Amino acid sequence: MQMPYMTSDPKEVSGKSFDYIVVGGGTAGCSLAATLSEKFSVLVIERGGSPYGDPLVEERKYFGYSLLKTDEYSSVAQSFISRDGVENYRGRVLGGSSAINGGFYSRASEEFVKKAGWDKDLVQDSYKWVESKVVFMPELSQWQSVVQFGFLEAGFYPYNGYNLEHTQGTKIGGSIYDQRGKRHTSADLLEFGRPDHITVLLYATVKSVIFDGNKTRAVGVRFMKSDGSSSKSYKIHVEKHRGEVILTAGALGSPQILLLSGIGPEDHLNDLNIPVVVNLRDVGRRMSDNPAISLLVDRFSQNRTLEPPQVAAIAEGYKYILESEVLPTNITTTRISIAAKIAFPKSRGRLKLNSINPRENPSVKFNYLGSKEDLDACLEMVLLLQHVARSETVTFYLGLQNREKLLAGDEELKSFCKDNVRTYYHYHGGCVVGSVVDEDYRVSGVKRLRVVDGSTFEESPGTNPMATVLMLGRYQGIRILKEREVEKEGDESFLSPQGSPQPQP
Ligand SMILES: Cc1cc2nc3c(=O)[nH]c(=O)nc-3n(C[C@H](O)[C@H](O)[C@H](O)COP(=O)(O)OP(=O)(O)OC[C@H]3O[C@@H](n4cnc5c(N)ncnc54)[C@H](O)[C@@H]3O)c2cc1C
């Protein structure tokens with residue numbers, strides 16, 4: 001297997017044109033680029049560097065370290081605090097958030113696939129393609145076995161064993177860490193396309209999309225060096241006849257780039273003096289994140305082996321997902337958390353630009369627990385979490401004799417939820433299908449521009465989203481290849497081999 005050509009020198013790509021420019025070499029971006037490369041030339045532009053050789057990304061023994069120390073413009077994890085006051089992260093490296101996440105892999109339910117209107121068989125094939133390359137059966141650690149029994153004791157039945165499907169009960173999920181503890185990010189998928197058709201430009205931050213003179217068609221992108229060492233702007237174009245720009249910059253990055261390009265609500269663009277290309281009200285709207293509660297179940301900081309989640313409990317009706325991790329609190333200490341998220345929250349928020357600097361985080365508010373349904377769901381979720389934390393298996397293993405008082409009354413639970421709400425990092429939306437992009441993931445009102453990533457989800461797939469985002473890159477890539485086949489056949493049936501028109505039926 002061969003990795004594609006990678007460079008951080010803009011001069012190496014300037015003046016060239018590509019069939020596809022994929023903006024953001026993240027979870028969806030790499031599987032999409034690998035797929036398109038089977039037939040076409042692809043440039044991936046990624047604001048971060050390579051994940052290869054970085055122990056914080058690659059080694060399970062350092063799981064969570066990349067979130068401990070972040071900086072504004074260069075760390076592989078970029079932190080942000082939503083306007084709700086909740087701390088959150090986004091990947092800034094080839095592989096995107098699959099390079100900093102928990103690596104837990106679980107497919108979406110059949111209902112979710114049906115609701116999305118996707119072709120069931122192609123979804124299955126796309127999941128399998130991803131799984132054959134970067135998904136592994138984890139070897140359960142001692143703690144994960146304990147918490148698995150805790151879930152069962154708390155009533156999360158049936159036991160489904162190792163299972164990639166999203167089914168009610170307790171299961172062991174897939175992992176992008178292999179048995180030797182090495183993480184396989186989405187960047188590994190680039191090897192499985194045609195690496196000789198892919199160029200990866202690293203440390204390049206896209207500022208905006210370039211349009212043709214009539215502002216009806218995307219023709220390329222403007223970017224700058226990510227280190228901010230110069231304000232010089234570079235341009236790169238897509239192939240003239242059929243080339244496309246595809247944004248895969250994630251739930252914060254893709255709406256941000258559309259807004260910076262003049263596609264978004266007119267009033268917001270006017271506030272920042274950005275010339276309006278398409279007045280598209282929903283860009284940055286319908287942002288959502290799954291409210292989560294995390295209980296630290298060991299009494300004191302310890303120095304355990306770090307553990308990403310391997311086991312999940314999925315509540316009746318798919319309402320909540322529970323998982324557990326051993327997290328670093330600093331370089332030498334750990335805590336064990338058992339956490340749960342509301343799978344389908346009702347509250348929605350909004351993303352806006354803070355400035356016209358593409359290196360800066362946009363501002364986002366998710367309105368966690370803003371709706372009554374979400375707050376009520378949180379009360380039930382905390383009760384479930386307490387059952388697990390107080391199960392015989394968990395308390396015995398952790399040597400907890402003096403059980404703490406149960407939180408029970410509605411008021412007590414409500415304030416606990418409000419004070420302790422946090423994230424599972426599964427935020428999504430901002431370029432939702434049916435409002436910003438159509439069913440083919442094309443941006444409304446302009447040609448040759450698509451968005452394919454977590455920003456297109458109105459709802460996260462209930463379970464952990466990475467599997468479905470990886471699948472989506474492959475799925476949409478295959479659909480685009482098929483579209484191009486049909487276009488080509490159309491051209492050929494109209495033109496004879498010499499290029500003269502064929503008689504029409
Ligand atoms: C800490 C954490 C833990 C998580 N744990 C899990 C888990 O265990 N299981 C699970 O299923 N999900 C998990 N998730 C969620 C999951 O990882 C994300 O939902 C998913 O990876 C998002 O994929 P994406 O393609 O939409 O965006 P990303 O993977 O974030 O990709 C976006 C890419 O675009 C690049 N980019 C952004 N802006 C620009 C720009 N202007 N120019 C150039 N490049 C740009 C970024 O650097 C990034 O590489 C976790 C997420 C986080 C943050």
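Student: Is Asp-440 buried, exposed or partly exposed?

Tutor: This is a predicted model. Asp-440 has 25% relative accessibility, so it counts as partly exposed.

Student: With which side chain does Asp-440 meet in a salt bridge?

Tutor: A salt bridge requires a side-chain nitrogen of Lys or Arg within 4 Å of a carboxyl oxygen of Asp or Glu. The partner of Asp-440 is Arg-479, at 3.0 Å, N to O. This pair links distant parts of the chain, with Arg-479 in helix α12 and Asp-440 in the loop between β25 and β26, 39 residues apart. Arg-479 is partly exposed, at a relative accessible area of 28%.

Student: Which residues do salt bridges with shared partners join into one network?

Tutor: That network consists of Arg-281, Asp-282, Arg-286, Arg-348 and Glu-458. In total, the structure holds 25 salt bridges.

Student: Which parts of the chain does the salt bridge between Arg-242 and Glu-487 tie together?

Tutor: The two side chains meet at 2.9 Å, N to O. Arg-242 lies in the loop between β14 and β15 and Glu-487 in helix α12, so the pair ties together parts that are 245 residues apart in sequence.

Student: Where is His-428, and is His-428 buried or exposed?

Tutor: His-428 lies in the loop between β25 and β26. With a relative accessible area of 2%, His-428 is buried. A polar atom of its side chain lies 3.2 Å from the backbone nitrogen of Ser-460. Beyond its neighbours within four places in sequence, His-428 contacts several residues, including Arg-286 and Glu-458.

Key
Residues are numbered from 1 along each chain as its sequence is written. This is a predicted model: local features need pLDDT of at least 70, side-chain atom pairs count only at pLDDT 80 or more; totals for chains, interfaces and linings use all residues. Side-chain values use heavy atoms; hydrogens and water are left out. Helices (H or I, at least four residues) and strands (E, at least two) are DSSP runs, numbered from the N terminus. Buried means under 20% relative accessible area, exposed over 50%, partly exposed in between (1.4 Å probe, protein chains only). A polar contact is a pair of N or O atoms within 3.5 Å; within protein, one must be able to donate a hydrogen and the other to accept it, and residues adjacent in sequence count only if both atoms are side-chain atoms. Contact means heavy atoms within 4.5 Å.
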